[in-house]
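Subject: Structure for you to look at

Hello,

I am handing over the structure we spoke of, with notes on what was found in it. Please read them with the model open.

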Amino acid sequence: MQTVGHSEHTLKTALISKKPELVKQYEQLDPGEQRLLNEAFRPRSDLFGPITLHSPSDWIISHPEAPQDFEQFFSNLHRKSPSPGKQTIYIQCIGLLGNTRSISEEYLKWLKGYCEAFFYGLTVKLLEPIPVSATRCSFRINDSTLNLQIHAGQILTFLKKKKPEDAFCVVGVTMIDLYPRESWNFVFGQASLTEGVGIFSFARYGTDFYSSHYKGKLKKLERKSSSDYSVFNDYYLPEATSVLLLRSCKTLTHEIGHIFGLQHCQWLACLMQGSNHLEEADRRPLDLCPICLRKLQSAVGFRLRDRYKALVRWIDAESTDTPRVTPKHSR
Ligand SMILES: [Zn+2]
Ligand SMILES: [Zn+2]
């Protein structure tokens with residue numbers, strides 16, 4: 001196993017920058033915050049480690065991209081930041097996320113609470129869940145995997161029209177697989193960063209999606225008319241296991257991170273690392289490295305201590321609750 005190694009100097013510059021005004025801004029953070037962020041370049045830090053490479057199909061090897069340090073993030077005039085009056089992240093559920101309405105509601109509450117702690121200081125609101133038919137999007141059966149898929153771009157157009165006045169962004173979540181255009185096999189998600197909208201599917205995060213017993217395979221699409229969406233009524237949804245919830249939390253926060261203008265992280269093991277396949281996505285940590293954390297902090301304006309406390313509160317609250325959506329698996 002290889003690691004992506006950076007010198008102490010490189011990591012320090014990526015975090016703090018060499019621009020005098022950004023160095024000054026860093027020095028104005030409270031000493032505890034600096035102590036934590038400085039772990040980025042402390043050799044053998046217990047808190048943050050290097051990115052590990054496991055195969056040539058890993059993202060960094062197969063998708064060479066220019067790295068983005070704090071200075072590049074900060075000076076990007078086109079990135080989206082929450083502004084007064086636009087401080088709310090809206091989550092729009094399309095179709096159910098679980099086999100029953102109550103499991104779906106629990107699932108959404110879980111995602112909302114997690115996002116609220118993760119993007120501490122912003123409000124997260126759930127829009128009233130809607131059926132797939134409400135989006136009037138196209139859909140199809142995938143030729144090779146034989147599962148139902150909905151058209152990602154048409155859902156984005158729908159979400160743009162629905163975007164509330166006070167929204168920083170609207171993110172659609174669905175358990176139905178997505179395709180971006182006819183010639184493509186599938187896509188995990190799609191977003192318009194300038195418009196602040198995104199749609200993300202958790203369909204492929206179920207533990208059974210790639211198994212030969214996957215129950216979401218359909219032989220033929222029977223539609224009485226173009227407005228017939230009845231195939232979605234009793235379509236198979238994977239069980240809401242803890243693995244599925246964990247993957248959903250990671251995906252949603254990673255993708256909303258992109259809407260803030262955070263690009264794929266190439267510095268340290270981090271939630272914002274790109275991922276090319278499920279095993280690599282699972283390997284990504286749940287939280288941000290110090291360089292990406294400073295980016296998010298400068299966009300949202302939270303104190304690091306408050307954000308971590310909120311995350312701990314969320315973990316405590318969820319672990320003292322009686323298990324509901326995760327009956328079969330430990331957390
Ligand atoms: Zn990404
Ligand atoms: Zn990072």
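Two strands are taken to pair if DSSP finds at least two bridges between them. On that basis β6 and β8, which run parallel, are joined by three bridges. Please keep in mind throughout that this is a predicted model.

The three-stranded sheet

β6 and β8 belong to an open sheet of three strands in the order β5-β6-β8, with mixed pairing. β5 and β8 (177-179) are the edge strands; each has a single partner strand, so one side of each has no neighbour in the sheet. From one strand to the next, the twist averages 40°.

The five-stranded sheet

A second open sheet has five strands in the order β4-β3-β7-β10-β9, and its pairing is also mixed. Its edges are β4 (123-130) and β9 (189-192), each of which pairs on one side only. Here the twist averages 15° from one strand to the next. β3 (residues 88-94) pairs with β4 in the parallel sense over six bridges, and Y90 has K125 of β4 as its bridge partner. Helix α8 (residues 242-259) packs on the sheet and touches β3, β7 (167-174), β9 and β10 (197-201). The direction of α8 makes about 145° with that of β7.

Domains and core

The domain assignment divides the chain into domain 1 (2-79 + 264-300) and domain 2 (88-251). Their C-alpha centres are 29 Å apart, and five residues of domain 1 are in contact with five residues of domain 2.

The largest nonpolar core holds 79 residues, of which I89, C289 and C292 touch the most other members. Helix α6 (residues 101-118) gives the most to this core, with eight residues. Both domain 1 and domain 2 supply at least three residues to the core. If neighbours within four places in sequence are left aside, C289 is in contact with A40, F48, C265, W267, L268, A269 and C270.

Helix packing

How do α6 and helix α11 (residues 304-320) pack, and at what angle? The angle is about 160°, with the axes 8 Å apart. Angles over 145 degrees count as roughly antiparallel, so α6 and α11 are roughly antiparallel to each other. On α6 the contact is made by G113, Y114, A117 and F118; on α11 it is made by A310, L311 and W314.

Backbone points to check

Two residues have a positive phi although neither is a glycine: R136, at about 55°, and L146, at about 65°. R136 lies in the loop between β4 and β5 (139-141), whereas L146 is in the loop between β5 and β6 (148-151). Are these residues buried, exposed or partly exposed? R136 has 13 C-beta neighbours inside 10 Å and therefore counts as partly exposed. L146 likewise counts as partly exposed, because it has 13 C-beta neighbours inside 10 Å.

Regards

Technical notes: Residues numbered from 1 in each chain as written. Chains lettered and ligands numbered in written order. Predicted model: local features only at pLDDT ≥ 70, side-chain atom pairs only at ≥ 80, totals over all residues. Helix = DSSP H or I, 4+ residues; strand = E, 2+ residues; numbered from the N terminus. Axes fitted to C-alpha atoms, helices over the stretch in contact; angles between N-to-C directions. Contact = placed C-beta atoms within 7 Å. Core = buried A, V, L, I, M, F, W, Y, C linked by C-beta atoms within 7 Å. Buried ≥ 20, exposed ≤ 12 C-beta atoms within 10 Å, placed from the backbone. Domains from an automatic or database assignment. Parallel < 35°, antiparallel > 145°, perpendicular 65-115°, else oblique.
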